[in-house]
Amino acid sequence: MDFTPTEEQAAARDLAARIFGDLSTHERLTAAGTGSDAEQWKALCEAGLPAAVEDIGLLGLVLLLEEQGRTTAQVPFAASCVYGLLAVSAHGSAEQRKRLLPAIGDGTVVVTGALPEAAVRVGGSGELSGVVPVVPWLRDATHVLVADDEHGLWLVRTVDARCEPVELTAPWSAGRLTLDGTPGEPLGERERPGERLGGSDADVAGQGAYDDVLATARTAFAGLQAGVCAGSVARAVDYTNTREQFGRPLATKQGVQLRAADAYMDTEAIRVTAYEAAWRRDEGLDYATHALTAAWWASEAGSRVVHAGQHLHGGMGADLDHPVHRHFLWGRQLDAYLGCGSEVLQELGALIVDGEGDA
């Protein structure tokens, strides 16, 4: 395996780092509150970064999401790329790809996902009913990718549903989605049978499509967590190198060094497992267990890292207005998003016992 970015991936990553770094300032994030930054989303779309994901693959997206996580940029970039661009590209029909991909790429269509919830029922005429209590970035979305009780995937327009704002731990513009006879568009050709995750028929809907989208999301959000943790560690290193106690920087104390070193190693574990899962998907290899491994590290290690980052700031870490607190909120939200550590570990164990794990 080779995680070295291609020229296109590296260029996209550097451009994303510049946009996120320039626009995700403490002042702008404070002004945005719990909502998204529309100006920054427009800048990302005008730069062609969402559209580029179709060419640079999941590994390229992970690299971009690391940069978002470093700055905790409040835009629906991860959701729209995972549940929109990559999901439609891999599993949508030819007509859906032609109609939706350009609009998702330029940001006029924003997609979020109500996965792994499967609380939606399908009526005889294809109408959808059910309630999903929390959908991240629902307030920004024009479409929602939902799963029915048989794990079929449907695209729902938010204007056809009832969407009520809710607040999460992290400022993810979330909402409560209520479907009551709401029209839905099945993703892909529903009459064809699903294939196993990583199979050659990537455009087939059904269980295989659900598994792939969920695994893709877990991998991508693990990459986002790697960036959140890297940003938290960077802030802690900067603080402990400049903050003095008894005439010496805090960073000279062994306890501080060990705590920071553990946080760095945890961050690298999240990053490398996310890279491996993303690389395998891009290469057309089975990656189900790798995605779960990345999700486990993102949950378990991610929680440790953002706690350490706040702890290493001492009393300043208790200030809710300090920039490091955003990393703490994002890290804790990502800890449980798409399954907490114990849940994904149980799922991983079941997959291995059933003999369905990848080699």
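## Basis of the model

Local features in this predicted model need pLDDT of at least 70 and side-chain atom pairs count only at pLDDT 80 or more, whereas totals for chains, interfaces and linings use all residues. Residues are numbered from 1 along each chain as its sequence is written, and side-chain values use heavy atoms, with hydrogens and water left out.

## Packing of helix 1 and helix 3

Helix 1 (residues 7-23) packs with helix 3 (residues 38-46) at an angle of about 160°, and their axes are 11 Å apart; helices (H or I, at least four residues) and strands (E, at least two) are DSSP runs numbered from the N terminus. Axes are lines fitted to C-alpha atoms, for helices over the stretch in contact, and angles run from 0 to 180 degrees between N-to-C directions. Helix 1 and helix 3 are therefore roughly antiparallel to each other (angles over 145 degrees; under 35 is roughly parallel, 65 to 115 roughly perpendicular and the rest oblique).

In this contact (heavy atoms within 4.5 Å), Ile19, Phe20 and Leu23 of helix 1 meet Gln40, Ala43 and Leu44 of helix 3. The residues of the contact comprise five nonpolar, one polar and no charged, where Ala, Val, Leu, Ile, Met, Phe, Trp, Tyr, Cys and Pro count as nonpolar, Asp, Glu, Lys and Arg as charged, and the others, Gly among them, as polar.

## Aromatic pairs

The whole structure holds ten aromatic pairs, defined by ring centres within 6.5 Å (six-membered ring for Trp), with planes under 30 degrees apart stacked, over 60 edge-to-face and the rest tilted. The rings of Phe20 and Phe77 have centres 6.3 Å apart and planes at 85°, so this pair is edge-to-face. Phe20 in helix 1 and Phe77 in helix 5 (residues 77-91) are 57 residues apart, and both are buried (under 20% relative accessible area with a 1.4 Å probe and protein chains only; exposed is over 50%, partly exposed in between).

Trp172 and Tyr337 also form an edge-to-face pair, at 5.5 Å centre to centre and 80° between the planes. Trp172 lies in the loop between strand 6 (162-165) and strand 7 (175-183) and Tyr337 in the loop between helix 10 (323-336) and helix 11 (341-353), so the pair ties together parts 165 residues apart in sequence. Both Trp172 and Tyr337 are buried.

## Phe221 and the aromatic cluster

Tyr83, Trp137, Trp172, Phe221, Trp330 and Tyr337 form one aromatic cluster. Phe221 belongs to helix 7 (residues 207-242) and, at 4% relative accessibility, counts as buried. Residues up to four places away in sequence not counted, Phe221 touches Ala78, Ala79, Tyr83, Trp137, Leu334, Tyr337 and Leu338.
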